[in-house]
Amino acid sequence: MTGFRTLLWKELLRFWKVAFQTVAAPVVTALLYLLIFSHVLDEHVRIYESVRYTAFLIPGLVMMSVLQNAFANSSSSLIQAKVTGSIVFVLLPPISYLEFFLAYVIAAAIRGVVVGIGVLLVTVWFAPPGLASPLWILAFALLGGAIMGALGVVAGIWADKFDQLAAFQNFLILPLTMLSGVFYSIHTLPPFWQQVSHFNPVLYMIDGFRYGFFGISDVSPLLSLAVVAGAFVAVSLFSLALLKRGYKLRT
Amino acid sequence: MGVAVSIQQVVKRFGALCALDGVSLDIAEGEFFGLLGPNGAGKTTLISCLAGLARPDAGRLSVLGRDVVADYRAARHLLGVVPQELVFDPFFTVRETLRIQSGYFGLRDNDVWIDEILANLDLADKADTNMRRLSGGMKRRVLVAQALVHKPPVIVLDEPTAGVDVELRQGLWQFIRRLNREGHTIILTTHYLEEAEALCGRIAMLQKGRVVALDSTENLLREFSGHTMSLRLADGAALPATLAGMATLGSDGGWQLSLPDFSAVERVLAALRKAGIAIEDLRLSPPDLEEAFMRVMQKGRAS
């Protein structure tokens, strides 16, 4: 257990030591989104009758930050260690692939949640979004962070170079999160794009998370939870299979 | 003495390249063992297989009886590896690095031993310095320290002195020798053959993924190297035909004669006297590993 705990601690220290870049920067980015979108749209858009657009936007931005930063944490830690060669320090000790996986995923989820809390703290003053069921909020934040952390492990193992990781981030993670209903309800989309959106698992993460604040959602929160839990199991199994084989880590 | 490291018929291929072609060797507990070979011979691949960084396509490796695949946790506890590449984690100080590495091996509160390693590697005053700010030689010593945090009974050093200055090299060897005296098995790869000659009791030479020589350093020197006589003849005289077979002409016009034994000295001198050739300069040098290494490699290429 000490091996796992140390690796988890190391992964937490790694981002905390550069918190200005890993926590403060994404909080500022989310704040900018909020300022711009709420300035432009707050008067003109109303998605749920009882909810101001700015309030609607806040949980979406929080969850988007959770997801993007969880992914960034595990993926960048691994690619950095691979490119610099310092990955040997975690490959030489008697750490099992399951411990390895859990340490990276938990650290990633924690970074995501820390950034999410930061975003919530700076945005909540603009339009308090309510707090219908806090347990849903917590469940979706942790599961969403864990999924993205596990996906980050996959990406970090697969990528040989920083630009490959950037491609993964820009062409997969960013579109999936941006097109998941962070800024809009999918019910405002044409029917075809509504259908397409339902294949995006990030939609369920955002929607379920938002349900925790407003008690209203596009999709039933139980369905969202099931989809998100299923996605977590799928991504975890895939990631564990790679780690067990030593794919690209143990030649 | 038990077997510290057992390597049985290990094969490792990278695509078409056969990096290890059926390597077998046993290293006894307490040995100071040298693993020599030209670049690309398979030394680092063999170490990677032993450390679990690479997976052999065939064969078995074990550390103190623990299989490195089936019983990898136990095997890795028993092994400390100093990697060849100069790698470091830029986020941490020297002490943090060593504490983290201790934790990976299940050790908490390891500071007494960490301080001892730091003192022995002359790093005590750098304990709280970030890894990024260390010189290359210091980073190399931190790598050595990281391999030792869990007091592994078997220590593998993959070219630990590349880029380390002479003084520090001496200090490092003093420490490693002490660990060896205290019972740690040491496996060393190096391109500094005089280092291997001075330190290693037994040596394996690898070439193209095969063991081409495996014996005590003494026997290798005796078998593949001898005393060399360097001769310079007065007036640039040619060597008598009877001696030409054992001699090579150096670029400086002097002759190098390899002597199979000391009685050859008399034969050389007698032949020169008989031919009436005067000697301008004569030196005798002892056998050295570099010559033995070259001969083994030539023999390997020829076969």
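Predicted model: local features only at pLDDT ≥ 70, side-chain atom pairs only at ≥ 80, totals over all residues.
Q: Thanks. And what about Phe33(B), which residue in β8(B) is opposite that one?
A: That would be Ile187(B). Strand β3 of chain B covers residues 32–36 and strand β8 of chain B covers residues 185–189, with 4 bridges joining them.

Q: Do those strands run parallel or antiparallel?
A: β3(B) and β8(B) run parallel. β3(B) also pairs with strand β9 (residues 202–207) of chain B, again in the parallel sense and over 4 bridges. On that side, Leu36(B) has Met205(B) in β9(B) as its bridge partner.

Q: How many residues of β3(B) are buried?
A: The count is 5 of its 5 residues, so to speak a mostly covered strand.

Q: Which residues sit on each side of β3(B)?
A: Phe32(B), Gly34(B) and Leu36(B) are on one side, with Phe33(B) and Leu35(B) on the other. Both faces are covered, and these residues are all buried.

Q: Zooming out, in what order do the strands of that open sheet come?
A: The order is β6-β7-β8-β3-β9-β10 in chain B, 6 strands with mixed pairing. At the edges stand β6 (79–82) and β10 (210–216) of chain B; each has a single partner strand, so one side of each has no neighbour in the sheet. From one strand to the next, the twist averages 15 degrees.

Q: There's another open sheet in chain B, with 4 strands. What is its order?
A: That one goes β2-β1-β4-β5, and its pairing is antiparallel. β2 (17–28) and β5 (66–67) of chain B are the edge strands here, each with a single partner, so one side of each is left without a neighbour in the sheet.

Q: How many bridges join β4 to β5 in chain B?
A: There are 2 bridges between β4 (residues 58–63) and β5(B). In one pairing, Ser62(B) stands opposite Asp67(B) in β5(B).

Q: Switching topic: which residues touch the most other members of the largest nonpolar core?
A: Leu50(B) and Val156(B) do, in a core of 153 residues. Helix α3 (residues 53–84) of chain A gives the most to this core, with 17 residues.

Q: And what does Leu50(B) touch?
A: Leaving aside residues up to four places away in sequence, Leu50(B) touches Val5(B), Leu61(B), Val68(B), Leu79(B) and Val156(B).

Q: Now the two chains. How many residues are in contact between A and B?
A: 22 residues of chain A are in contact with 24 residues of chain B. On the chain A side, α1 (2–16) and α4 (88–91) are the elements that give two or more residues. α1(A) gives the most, with 7 residues. By class, that side of chain A has 10 nonpolar, 8 polar and 4 charged residues.

Q: Why does β14 of chain B lie largely in the open?
A: β14(B) has 7 residues (279–285) and the number buried is 0, so the strand lies largely in the open. Its partner β11 (residues 227–233) of chain B runs antiparallel to it, joined by 6 bridges. Among the facing residues, Thr228(B) stands opposite Ser285(B) in β14(B).

Conventions. Residues numbered from 1 in each chain as written. Chains lettered and ligands numbered in written order. Contact = placed C-beta atoms within 7 Å. Nonpolar A, V, L, I, M, F, W, Y, C, P; charged D, E, K, R; others polar. Pairing = 2+ DSSP bridges. Axes fitted to C-alpha atoms, helices over the stretch in contact; angles between N-to-C directions. Buried ≥ 20, exposed ≤ 12 C-beta atoms within 10 Å, placed from the backbone. Core = buried A, V, L, I, M, F, W, Y, C linked by C-beta atoms within 7 Å.
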